[in-house]
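Let us walk through this model from the whole chain down to single residues. Keep the structure in view as you read.

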Amino acid sequence: MEMERLVVIWCPGLQEEGARGEEARRFVQVVARAGELCPWVHPVRLGVCALPARGPSRFFGGEEMVVSRLVEAVGEDAHIGVADGLFAAVLAARSQLIVPAKETAAFLAQWSVATLARPELAVTLQRLGVTSLGQFAALPGADVSDRFGADAAAAHSVARGRSGELAGLRDRSIERRLRVARGEDPDAGPEPPPYQPGFFGGTSAADSRAALSFARVQERLGVDAVLVGRVQGGRDPAEQATLVPWGSPAGGTGGTGGAVGAGGAVGAVGAPWPGRLPPPSPTEVLRVPQRAEVVDAAGAACQVSGRGLLNSELDRLSVNGGPWESVVAWAGPWPVTERWWSVRRRRARVQVVTVDGAARLLCTERAGWWVEALYD
């Protein structure tokens, strides 16, 4: 059976997706620009897409003209190649070559067996002195199947230029990832209805329009133009929330259960985090903590001992030198001991409710008290 002749666009700078998800958004633009010039562009995996060579080459007057026009249209330091079958076409793109028809086997012969992405098979073959695809292709097909199994036999057929597909070459999740990068619902079908009610957790038409708007704003103004809040691990309330770019792995349409903090580090929400506050979380974390005073019924200052215990019951609270308010309920303390290099830091937090119904999160350190956050 004759293999389909394919044009492959290979973008080496977009092969791996970072925490911000910028590579996927840029690859979406590559596919879109190629699709404006030639129809039927199909993403293979992140940074790699393919299209049939036959139609465009007839329209533009040859495969060389197709490659030339795609190079101008796509940008992104794209490498473009043409060959019979997807496996050979990807390697042709990496070499920026147009492999003549019917010469796939000769082109593949020079490549290492490692390009088959079968590490165990490659190691075994290399130990036997078989280092190139040409040497591998020269082995009898029956012996390869008997000695190495069905998957190796399929790889052997690819190396001989008789098959163009290799299991694992296509990323089956790429369409879903690109839908997220385009601001679309990744779970929707290829032709979603114009309006889907969001009453019971579905995505409404307004949600879809907003997602598309976010993607367009990021395309024009940059990744950081649209940020969303995400929950992450940490002991302090201020550490447990962060802003990440919309559409990134941590800030996508549905969230991922973790978040990316400064520098791209992932904070595990489910980690132990000794000293972390129990739910509910504060509704407002103050950028600048407010100075507070806390005293017991006798007017003596309340303190937390080195063992994490209060020396007396909380009775009254004053914030920023304001009037005293009676404490009607409190919980804690939750002590936190941290060591940053050689400096040991001890703090404790207490939740308090005053007679006016205000609920606050207090933090004490070195006998001083501050209001860190507020509750509804």
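**From the chain to its parts**

The protein chain holds eleven helices and 14 strands. Helices here are DSSP runs of H or I with at least four residues, strands are runs of E with at least two, and both are numbered from the N terminus. This is a predicted model, in which local features need pLDDT of at least 70, side-chain atom pairs count only at pLDDT 80 or more, and totals for chains, interfaces and linings use all residues. Residues are numbered from 1 along each chain as its sequence is written, and side-chain values use heavy atoms, with hydrogens and water left out.

Of the 376 residues in the protein chain, 42% count as buried. Buried means under 20% relative accessible area, exposed over 50%, and partly exposed in between, with a 1.4 Å probe and protein chains only. Contact means heavy atoms within 4.5 Å. Among contacts with a separation of 6 or more in the protein chain, 49% join residues 24 or more positions apart.

Start with helix α1, residues 22-37. Its 16 residues reach 23 Å from first C-alpha to last, close to the 22 Å expected at 1.5 Å a residue. The expected span is 1.5 Å times one less than the number of residues. Buried residues in α1 include Phe27, Val28, Val30 and Val31. Glu23 and Arg25 are buried too.

Next comes a loop. Ala78 sits in it, between α3 (63-74) and β4 (79-84). Ala78 counts as buried because its relative accessibility is 13%. Leaving aside neighbours within four places in sequence, Ala78 is in contact with Ile9, Trp10 and Cys11. Val48 is 30 residues from Ala78 along the chain, and their C-alpha atoms are separated by 9.5 Å.

Helix α4, residues 86-95, is mostly covered, with eight of its ten residues buried. Among them are Leu86, Phe87, Val90 and Leu91. Gln96 follows α4 with a positive phi, near 55°.

Now look at a helix pair. The axes of α8 (residues 141-148) and α9 (residues 150-159) come within 7 Å and cross at roughly 150°. α8 is therefore roughly antiparallel to α9. Angles under 35 degrees count as roughly parallel, over 145 as roughly antiparallel, 65 to 115 as roughly perpendicular and the rest as oblique. Axes are lines fitted to C-alpha atoms, for helices over the stretch in contact, and angles run from 0 to 180 degrees between N-to-C directions. Which residues meet in α8 and α9? Gly141, Val144, Ser145 and Phe148 in α8 meet Ala150, Ala152, Ala153 and His156 in α9.
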